[in-house]
Amino acid sequence: HGQRARCLTPPLDQNPAPLPAPCVYRARRVPPVTRSGERGAGRCCGAAAMVRLYKELHVPDATQAEAFEFLAKFENIERWDPGVKSSKLAPGSAASGIGAVYDLVTLFKGSESAMKYEVTEYSPPRHVRLKGEGDSVLADDLIEVDAHPSGGAKVAYTADIKLKWPLKLFTWFVASDIRKLGDDAIAGMERAFAEGKHKK
């Protein structure tokens, strides 16, 4: 106890291969992750252009069940993600599980935007998937939680961000800002677990 969550993400390739000219830039940290956990090549052109964020964390102060419950209950995202101003269950939504809907107010470059997230996959205490949509963005968040061999839990968080037309043409220009949002969110998640917010 008392240890801080440790980021397990391997260093990025400092000399990535150039993308073909017809493709919209896609800032991805790892290849696409399938439901089974395998990573494939994916697509890069047209509607598939996106920014992918991926991080793995070792959370020594939470069990697998505790970590899953804290992260899957998406009202809690405002407690660990500085890019979310508020999050609450949508009126009439189920309390949890598939079909639960959350209304978020997100922050990006000083502006507030409304987003709606819905749980589309729910398998406690292993994984939960949520699809999000706002006026100009689509999001697909996959949270996977396992018991860590050395104790505590291992959290793998994948977020695919797609800008809607015509903003997706400018993915290249905002990719670094989106990556920073992801990095800040993971840092906030680490702090939240280290401070025991999952137990409050």
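**Strand pairing, pocket and core**

Leu-53 stands opposite Ala-159 in β8, where strands (E, at least two residues) and helices (H or I, at least four) are DSSP runs numbered from the N terminus. The structure is a predicted model, in which local features require pLDDT of at least 70 and side-chain atom pairs count only at pLDDT 80 or more, whereas totals for chains, interfaces and linings use all residues. Residues are numbered from 1 along each chain as its sequence is written, and side-chain values use heavy atoms, with hydrogens and water left out.

The protein has 3 helices and 8 strands, which follow one another along the sequence as β-β-α-α-β-β-β-β-β-β-α. Of its 200 residues, 45% count as buried, the term standing for under 20% relative accessible area (1.4 Å probe, protein chains only), with exposed meaning over 50% and partly exposed the range in between. Among contacts (heavy atoms within 4.5 Å) between residues at least 6 apart in sequence, 52% join residues at least 24 apart.

Strand β2 (51–59) runs antiparallel to β8, to which 9 bridges join it; two strands are taken to pair if DSSP finds at least two bridges between them. Because 9 of the 9 residues of β2 are buried, the strand is largely enclosed by the rest of the structure. In a regular strand the side chains alternate between the two faces of the sheet. Both faces of β2 are covered: Val-51, Leu-53, Lys-55, Leu-57 and Val-59 are buried on one side, and Arg-52, Tyr-54, Glu-56 and His-58 on the other.

Strand β8 (153–163) also pairs with β7 (137–147), in the antiparallel sense and over 11 bridges. Within this pairing, Asp-160 of β8 is the bridge partner of Asp-140. The two strands form a hairpin with 5 residues between them, and Gly-151 in the turn has a positive phi of about 110°. On its other pairing, β7 is antiparallel to β6 over 7 bridges, with Glu-133 opposite Leu-138 in β7. A hairpin through 2 residues joins β6 to β7. Of the 11 residues of β7, 8 are buried, which leaves the strand mostly covered.

The largest pocket holds about 790 Å³ of space. On a 1 Å grid over the protein atoms alone, a pocket is an open set of points where a 1.4 Å probe fits, with protein on both sides within 12 Å along at least five of seven lines, and lining residues have an atom within 4 Å of a point. Points are joined across faces, edges and corners, and the volume is the space filled by probe spheres set on them. Of the 39 lining residues, Thr-106, Met-115, Ile-161, Ile-178 and Leu-181 are the closest to the pocket centre. At least two lining residues come from each of β2, α2 (77–80), β4 (101–108), β5 (111–123), β7, β8 and α3 (171–194). Helix α3 gives the most, with 8 residues. By class, the lining comprises 24 nonpolar, 8 polar and 7 charged residues, where Ala, Val, Leu, Ile, Met, Phe, Trp, Tyr, Cys and Pro count as nonpolar, Asp, Glu, Lys and Arg as charged, and the others, Gly among them, as polar.

Ile-178 belongs to helix α3. Its relative accessibility is 8%, so Ile-178 counts as buried. Leaving out residues up to four places away in sequence, Ile-178 touches Val-51, Leu-53, Phe-108 and Ile-161.

The largest nonpolar core has 40 residues, of which Phe-74, Trp-80, Ile-143 and Met-189 touch the most other members. Such a core is a set of buried Ala, Val, Leu, Ile, Met, Phe, Trp, Tyr and Cys residues joined through side-chain atoms within 4.5 Å. Helix α3 gives the most to this core, with 8 residues. Beyond four places in sequence, Trp-80 touches Phe-70, Leu-71, Tyr-157, Ala-185, Gly-188, Met-189 and Ala-192.

Two loops carry backbone exceptions. Most residues other than glycine have a negative phi, and most peptide bonds are trans. Lys-109, in the loop between β4 and β5, has a positive phi near 55°. With a relative accessible area of 62%, Lys-109 is exposed. The peptide bond from Pro-124 to Pro-125 is cis, with omega near -5°, and Pro-125 is found in the loop between β5 and β6 (127–134).
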